[in-house]
Amino acid sequence: MDILIYGATEIGYMVTLRLYQEHNITLIDDLERLPDKFNSLDISFMSGSGGDIDALEKANASQADIFIACSVLDEANIVACWTVKKIADIETICFVRTMELYRNLASPTWNRYETKYDIDTVIWPEQLLTQDIFRIISVPDAIDVEYFAGGRVKLFEYRIKENSLLLDKKIMDYGFPQDVLIVGITRENTLFIPDGSTVIELDDKVIFMGRSHALDSLAATIFQKGNTIKKAAIIGGGSVGSLLSENLEKAGIRVKLIEHDKNRCVFLADHLKKSLILHGDGTDLELLEGESIGDSDVIVCVTDNDEKNLLCSLLVKQLGSERIITRVGNDRNAELFERVGIDVVVSPRDSALKELLNRVQTREVDILALVEGGQGEILRLKVPEDFPDTRVMDLKFQAKAIIGVIKRRRRIIIPRGDTIIRAGDMLKIFTTSVDAELVKNLLVK
Amino acid sequence: MKIAHILNALGLILIAFGAIILTPIAVALIEHEYSSILPFVTASVFSVSLGFLFQKYGGFSRNFDDLKRNEGFLIVSLSWIVTAAVGAIPYLFYGLNPLDAYFESVSGITTTGATILTDFSLYPKDFFFWRSLSQWLGGMGIIVLFVAILPQFAVAGRQMFFAEAPGPVEEKITPRITHTAKALWLVYVILTAFEIVLLFIAGMPLYDAVCNALSTMAAGGFSPHPQSIMGYHNSIVTWIVTCFMFLAGSNFALQYRLLIQGKSDALVKSEEFRFYAFIVISASLVLSAVLFFGNRIGMLDSIRDSLFQIVSIITTAGFSSADFALWSVAAQTILFTVMLVGGCAGSAGGGIKVVRVLFGIKYLKREVSQIIHPQAVLPVKLDHKTVPDDTCRQILGFLLFYIVMMMGSALAVTVIEGDGAVGLVGTAATIGNIGPGFGEIGPMGSFGGLSIPTKMIFIVNMIVGRLELIPFLAMLHPDFWSIRK
């Protein structure tokens, strides 16, 4: 694939590093400012600005498949994406750094304003980070969580531990709630599609798919015994801190947020409905003890300073907190953080990169998500118009695959053996990447 | 402060008011009460000539665009005092002494509804029509009226508009103040007309329907019937009046959004309105229980009367569907409690205003949380928006001043009258623009028997209460009176 990247920034470097071996990458930026590390990569350079139509033409934008704008200036990124759209209708991915611009371009509540030059994907790393942290908090033991159909359908991946109710049981023997399916199991690093007689073993990673609320109740009964989160503490009230508390509030979790800047505190108290905003320093032991931060079920350190995050995390660990999630800006620090005993280390760049790679790899539109490092795929298939009504159990799969969800207009159906598939349905099929091609041809005769 | 500005503005207002005061003549002609024409013509002539005199001294300038804050306050305060005086002139012709006439007029225009009349049969229909009309004019605010109708106040209007109704938040429904004033009056007129029609259909004579509707929408409380709404012995009328009083006590700007702009959730979304409805419903329930069990009044009657009375008192209308002066002390205490609350900001009602009470409660709650979390940042929010610090201070100051004023007036009246109930309840009823109190000054009683100093204190209470203290308080500062050229 031909990929055009605008912006020789840190994130630009990370993207390039991950993609340059498989794709042809052209980087546009001011070459005089080009960091040295780019020179060791096998890519081509083009001097100029992303907003300059001439430069884009020279970089052969019309032949590119994807355009990624990740320069230091949000507005420049947006203009670059628009400019590219003038040349050719290729997929654009734009990085932004502020909530206002993200909302303007990507939020679902504002998408009634459509313009000719819409950007296909807008990535705001901090928002993705917030999402990641929220997933980790709301489904504490899950290894992976994916959302489909606007959040109405979810995918959870769980590791089976020694005390699990599912251990050594056949799938068909355990009374799973309706609307939940086990679509895959990873055993010793290989993914396979189970059937009713598969026995679940210790250390299996089981992938569930189903309706959101059904999965939530499953998670609550099987995986989260006495482990529900009721109180959370957030240190650092930047955009991640405030977005996260907003989400947690909606989930009914009580939030205490510590922020050192008085004006920011006032702003947060103004915008958040229920969270308790505390003005003070996250490293102030007296404050942490006085507000009994150590009793929170989860503590999230998301200041913009790595050293401070580390110090806060260690302090609250001293106070007896069980779960600590810490943000790290510099990826080289991440390993160190984990080594000194911080449970979960997250980084906005990682979150952004994950999303971006997902985008690039699933560009063949039919792949909704990749799981287990690409071993499993969720495919989206539309049932052709001339397809006769067929029961799921009568479908002749040559490959191993499970239909996870059927979307019929606005309805979401979690199929069972006797569910009928009709023409025009949208199927979400879980399969291994090896069999993906076979499955795709299944319905197309 | 520029004397010329004030004289000019007052002159304009007086001339316009002189024209308005001719309206009762129409009633006089319809009802063939030709003797009633003279009082209103006299008042009009007096008003217009005084207006011209003021303008002459002011140099006939039409330019108020650089009106200062204190000038705005003074114009507003003086307008109320002077128009009340003009409005008192017709009463003089019916045998009232000047102080009583002024009391009645102030009580009318400030929508208080406290009366000094004892025998209603002595006066013609025109007399009662003017009482109700004066309430209706004062209900939306004299200044709002003139900002709406006089183009000269297009720019200066803003200053005067908010000086007259210094609610906690400046609320404009349209970008231009004259349009806002017109919009408010539009809602007001529509609701009044609607109520007249409903009352007429419910069987009230047209004349009574008009008078009662005018006083209801103004949250005034003057009724041409000596026994107020109770006198009509018609429970449908009671329900209609209850509903319209309830509307009169809620924010007209929001009702404009609802009625004219079609935003269906405008009222329900307002935290103040929800709290207002909550107080009305909960207080009525308690009161009807007290009446039902304590006073042995029938179930339906007790519900109807308690709802009517709570709405009437909280919106500061002061109508009565039953003689609540005869109710038990428990019932009267509930009424006294809601007396202190008053209507919503931007309504025709007076009193402390629901929004300030709501703020007070939230503020106390905040202070309690702050004790437990000393470092927490806890803003006081109304409608999900943080109340700015200076507004907080202003509201708290208002509450404090209100209490101080009430205490001062209550103590003085108690000493003069030798009656604590008249002192406290009378003060609450006049400063909150409610009208009747309990006992001697109850709904079937009259303020006429009070001594001259008491009446004067109550007159001040009514005007200060109607202007929500702030213009009055500003006048107490010496710098207010600094005169510029």
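What average pLDDT does chain B reach, and what percentage of its residues score at least 70? In this predicted model, chain B averages a pLDDT of 87, and 98% of the residues score at least 70.

**View 1. Confidence along chain B of the predicted model.** Within chain B, the lowest confidence falls in helix 8 (residues 157–164), with a mean of 77, whereas the highest is found in helix 17 (residues 354–372), at 93. For the model, the scores are ipTM 0.74 and pTM 0.79.

**View 2. The aromatic pair of B:Phe273 and B:Tyr276.** Over all chains the count of aromatic pairs comes to 27. B:Phe273 is buried, as is B:Tyr276.

**View 3. An aromatic cluster in chain B.** The residues B:Tyr91, B:Tyr94, B:Phe120, B:Tyr123, B:Phe127 and B:Phe128 are linked into a cluster by ring pairs.

**View 4. A charge over a ring in chain A.** The ring of A:Tyr13 has the charged end of A:Lys37 sitting over it, at 4.7 Å from the ring centre.

**View 5. A charge over a ring in chain B.** Here the charged end of B:Arg356 sits over the ring of B:Phe398, and the distance from the centre of that ring is 3.7 Å.

How values were computed:
Residues numbered from 1 in each chain as written. Chains lettered and ligands numbered in written order. Predicted model: local features only at pLDDT ≥ 70, side-chain atom pairs only at ≥ 80, totals over all residues. Heavy atoms only, no water. pLDDT = per-residue confidence, 0-100. Helix = DSSP H or I, 4+ residues; strand = E, 2+ residues; numbered from the N terminus. Phe/Tyr/Trp six-rings, centres within 6.5 Å; stacked < 30°, edge-to-face > 60°. Buried < 20%, exposed > 50% of the residue type's maximum accessible area, 1.4 Å probe, protein only. Lys NZ or Arg CZ within 6 Å of the ring centre and 35° of its normal.
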